[in-house]
Each structure stands twice: as C-alpha cells, then as structure tokens.
Amino acid sequence: MRVIGFASGKGGVGKTTIVANLAILMSKWMKVIVVDADVFLPNLHAAFGLRTATTLSDVLTGNVDVEMAIYSVSTNLHVMPASPAPNLKIDRLSEVIDELKKDYDRILIDFSAGLSKMASIPMESADILFLITNPEKASLVSAQKVKKIGEELGVKGGGVILNRYAGEKELFKVTETMLGRIVGLIRESKYVAKSWEIGKPFVVLYPNSGITKDLVNTMLNITGQNRRIKPYGKLWARLKGD
Ligand SMILES: Nc1ncnc2c1ncn2[C@@H]1O[C@H](COP(=O)(O)OP(=O)(O)OP(=O)(O)O)[C@@H](O)[C@H]1O
Ligand SMILES: [Mg+2]
C-alpha cells in the first residue's frame, strides 16, 4: 500500500491540512512524497510555505520532466505541487505516480473534492483511499458518494478520517454507519489556522498539542498499527483543548 490517496465529497473539510501533517510524521521513518492532484484550487505548497514555479500541471501537459516539479521540504520529504489548470489530461497522473514509485516508500495524494471526472479519474492511481469528512450531514452524504466511486474504480477503502471533531458523539456513530471504520479523529483546533498563516504544518510548530497527538494516532492507524479511536462528548472536547 504505497500510494495513499485522500479524498472528500465536500470541499474545505481539511484534506490538504491532514495530508501535509501526515506527510511530515511519516517522513520520520520513510521517504515520502506528497502530490497535489487538485488542479482546480491547488494549495498544498502553501501548507509548507513553498514558492513554486514548475508543477505537476506542467508535467501533465507534457512540457517538463517529473523531476522538475519536485520540491524538497527535508531529505525524506518531497512535495509535488500543482498549479490551476482545469483542462489538462488528468488521466496521465497514474504514469507520473508510477514513475515516483521507484524513488519513494510512500506517495500521498491530495485529491480535489467532489464527484467530477477531474476528481475521480485520478483516484485510480491510489492503492488505498481514505475519506475525509467533517461531523456534519452534508459532508457525510457527499463523502458516501465518493466512497462509491472509489469502490467502482476498484480502489481499496482504508477508512474515514473525521476532522474538526468537537464532541459530536451522535455524528461519530452516523459516520461509521455511513462510511465505515474511523481511523482518525481529529479535533477542531486554533493551531490549524495559525499554521496555515505561518506556512508550516502544525505537527512541526506545535508538537505537544492535542491535535498533533490526534495526527500521530491517525498516522499509526494508516500505517497498520491499530489504534483504538473512541468518541468523546462536548464537555470532554472542551477539556481536551487544542
Ligand atoms: N482540525 C481543524 N481545526 C480547525 N480548522 C481546520 C481543521 N482542519 C481544517 N481546518 C480549516 O479548514 C479550512 C480548509 O482546510 P483545507 O484547505 O485543508 O481543506 P481541503 O479539504 O483541502 O479544502 P479543498 O477542498 O478546498 O482543497 C482551512 O481554513 C483550515 O484552517
Ligand atoms: Mg485542499
């Protein structure tokens, strides 16, 4: 399971935030590249404070080699950003991913939200697909549709990451019923906005925060070391802090 995809139905649920932070954590053990497959509104580079010139979009339009679109965050962590290019040939993404396989232990892909072809075709390149949702009905319902697309494409489902959780216990259960096993429960935290402002993932800026712990648990689950995820209520959510 080297190619790990992250998708959502609704936009703005936290895919890019989560992928960037997971990548930092995973790169402590292995060589990782994160690919921004969101060619509508790409912003993965901003999570790492990177300025970009050549991107995946140039690679897909056939202008440049893959290496030209790879940026280094650290020795073990590289990023392939995208630039807005909604009409490019996204079906070539799987060739690009194949090329990356020889150099990296894990390839994380940040897909664009929604059910369009531009969002769904690239999902084929993942070995395993994780769904990201917020604890709200609209986000859950659209995630269910993306789950179905993943299944139709024959991509293995990895489970669900419930982001911006603030003690909505009933919705935790609904999420499991609608989407399957919850492998990550990530709290609502003020550190997320701060880290976007600064241009560095919060696991680096706030290593002792609660939300960093949530990400570590999610990472352990994703890499197959089963961590039990338990829902908690609103009072406990307030006590837990950020
Ligand atoms: N756990 C969290 N706590 C508080 N704010 C969060 C959390 N996760 C994400 N956010 C906020 O939600 C917004 C959207 O996050 P992000 O860009 O990661 O979502 P996305 O799913 O990648 O969006 P898009 O579909 O546009 O690509 C950001 O403003 C971010 O700060
Ligand atoms: Mg995003």
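**Notebook: I211, its helix and the rest of the fold**

I began with I211, which I found in helix α10, residues 210-222; helices (H or I, at least four residues) and strands (E, at least two) are DSSP runs numbered from the N terminus. I noted that this is a predicted model, in which local features need pLDDT of at least 70, side-chain atom pairs count only at pLDDT 80 or more, and totals for chains, interfaces and linings use all residues. Residues are numbered from 1 along each chain as its sequence is written, while chains are lettered from A and ligands numbered from 1 in the order in which they are written.

Is I211 buried or exposed? I211 counts as buried because 24 other C-beta atoms lie within 10 Å, the rule being that 20 or more other C-beta atoms within 10 Å make a residue buried, 12 or fewer make it exposed, and anything in between makes it partly exposed, with C-beta atoms placed from the backbone. Leaving aside neighbours within four places in sequence, I listed its contacts as I186, R187, S189, Y191, F202 and D242, a contact being two C-beta atoms, placed from the backbone, within 7 Å. I also looked up E188, which is 23 residues from I211 in sequence and 7.9 Å from it in space, C-alpha to C-alpha.

For α10 as a whole I recorded 13 residues and a reach of 19 Å from first C-alpha to last, close to the expected 18 Å, where the expected span is 1.5 Å times one less than the number of residues. Its buried residues are I211, T212, D214, L215, T218, M219, N221 and I222. An α-helix has 3.6 residues a turn, so residues three or four places apart point the same way. After α10 comes G224, with a positive phi near 90°.

**α6, for comparison**

Helix α6, residues 137-153, has 17 residues and reaches 25 Å from its first C-alpha to its last, close to the 24 Å expected. I found S139, L140, S142, A143, V146, K147 and G150 buried in α6, and their cover includes β1 (3-7), β6 (128-133), β7 (156-165) and α7 (169-179). α6 is followed by G154, whose phi is positive, near 80°.

I then checked R164, which is found in strand β7 and has a phi near 65°, a positive value in a residue other than glycine. Most residues other than glycine have a negative phi. R164 is partly exposed, with 19 other C-beta atoms within 10 Å.

For V34, leaving aside neighbours within four places in sequence, I listed contacts with V19, A20, A23, L44, V79, L108 and D110.

**Ligand 1**

Which residues are closest to ligand 1? Of the 19 residues around it (C-beta atom, placed from the backbone, within 6 Å), the closest are G11, G14, K15, T16 and T17. The elements giving two or more residues to this shell are α1 (15-26), β7 and α8 (190-198).

**Whole protein**
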